[in-house]
Amino acid sequence: MTTFARELAVAVVATSAVLFGGCATAPTAPVTSETPTATRPSGLLTTRGAVTVIDRGDGAHLCLGGVAESLPPQCAGVPLLEWDWSALDGEYEEQGGVRWGDFAVTGSYDADAGQFTPVEVVPAAEIPQPPDSPSDEPIGTPCAEPDGGWRVVDESRVSLDDFHAATAHASTVEGYAATWVDMSRNPAAGADPLDPAVEAQLSDPRHTILNVAVAGDPAAAEASIRALWGGMLCVTRAERTEAELVALLQEIIDGPGVLGGGVDGIAGTVGITVVHDDGSLQEVLDDRHGEGLVIVSSALVPA
């Protein structure tokens with residue numbers, strides 16, 4: 001990936017998605033009639049593939065959220081009952097009194113106590129690797145092609161510095177929702193990025209369509225951004241602002257069993273990850289906020 005492509009990726013993450021949460025924690029917040037909570041399952045549940053298990057001397061914990069990549073790693077996960085390291089000899093690492101390893105774990109989850117009891121543990125090395133799946137389709141440009149085709153309108157304002165200035169400014173316009181880039185118009189798209197000539201072309205911001213979505217007036221936003229950016233530009237209307245999505249996420253992120261979440265300004269959605277939901281939490285949030293606005297994902301799924 002070229003330097004420009006890396007910087008574009010950073011820009012998109014910084015301006016079109018906001019993430020919250022980190023290491024998994026057992027539910028501790030009080031449950032009220034107004035607080036959505038993860039469902040208490042009755043059947044066996046399993047992790048989505050291999051996850052990290054850490055034992056810092058106070059018992060093993062199942063890391064369902066983020067894991068700090070220190071040595072040893074760190075995570076405040078869900079406590080594991082009846083965990084037996086002796087049955088996993090050679091499948092874990094140990095340093096400074098801390099043991100950790102990656103395993104697919106199946107068992108029962110007690111949501112009231114915030115504890116998981118395993119009945120089957122499979123080391124990561126024994127899990128068959130799924131075939132490579134095709135990468136996600138890149139996000140395109142929703143604007144119709146302008147008269148004369150997609151082209152630079154002002155060669156004096158298409159440098160990388162101009163691009164950064166434009167994306168930074170876009171996030172301040174009224175009704176800002178998201179920013180992303182479309183490099184499909186680059187003649188070098190799909191070519192070998194290791195070829196110096198190709199790399200130089202991929203690094204040219206003149207071939208990039210800057211996309212911005214706003215819940216305010218697209219025409220006003222476009223005029224404001226145009227003062228800084230002379231390259232290809234598409235400004236479209238969004239249903240919700242990024243600020244509205246972030247406020248909604250902050251409203252629900254501290255619910256019991258919630259591991260983390262984020263917003264997608266392009267899709268106009270809020271996503272949260274919980275320890276487990278059988279669909280009941282999703283139904284509550286759909287009823288409360290409208291179907292499709294909040295998307296619930298479970299870290300533990302039916303075995």
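This is a short tour of a predicted model, stop by stop.

**Stop 1: the hairpin**

Select residues 98-110, strand β7, and residues 115-123, strand β8. The two strands run antiparallel and are paired over 8 bridges. Together β7 and β8 make a hairpin, with 4 residues between the strands. Now pick Gly114 in that turn. Its phi is positive, about 65 degrees.

Move to Phe103 in strand β7. Which residue of β8 stands opposite Phe103? Pro123 does.

**Stop 2: the aromatic rings**

A pair of aromatic rings is described by the distance of the centres and the angle of the planes. The count for this model is 5 aromatic pairs.

Trp85 has 6%, so Trp85 is buried. Phe103 has 0%, so Phe103 is buried too.

Next, select Phe163 and Trp229. This aromatic pair is also edge-to-face, with 5.9 Å from centre to centre and 75 degrees between the planes. Phe163 is in helix α2 (residues 160-170). Trp229 is in the loop between α4 (218-226) and β11 (232-237). They lie 66 residues apart, so here again distant parts of the chain are linked. Both Phe163 and Trp229 are buried.

**Stop 3**

Go to strand β9, residues 176-182, and select Asp182. Asp182 is buried, yet has no salt bridge. Which side chain of opposite charge is nearest to Asp182? Arg185 is, at 5.6 Å. A salt bridge needs a nitrogen-oxygen pair within 4 Å.

What does the side chain of Asp182 make a polar contact with? One partner is the side chain of Thr141, at 2.7 Å. The side chain of Ser184 is another, also at 2.7 Å.

Finally, show the surroundings of Asp182. Leaving out residues up to four places away in sequence, Asp182 touches Ile139, Gly140, Thr141, His207, Thr208, Ile209 and Asn211.

Conventions
Residues numbered from 1 in each chain as written. Predicted model: local features only at pLDDT ≥ 70, side-chain atom pairs only at ≥ 80, totals over all residues. Heavy atoms only, no water. Pairing = 2+ DSSP bridges. Buried < 20%, exposed > 50% of the residue type's maximum accessible area, 1.4 Å probe, protein only. Lys, Arg positive; Asp, Glu negative; His and termini not counted. Polar contact = N/O pair within 3.5 Å; in protein donor to acceptor, adjacent residues only side chain to side chain. Contact = heavy atoms within 4.5 Å. Phe/Tyr/Trp six-rings, centres within 6.5 Å; stacked < 30°, edge-to-face > 60°.
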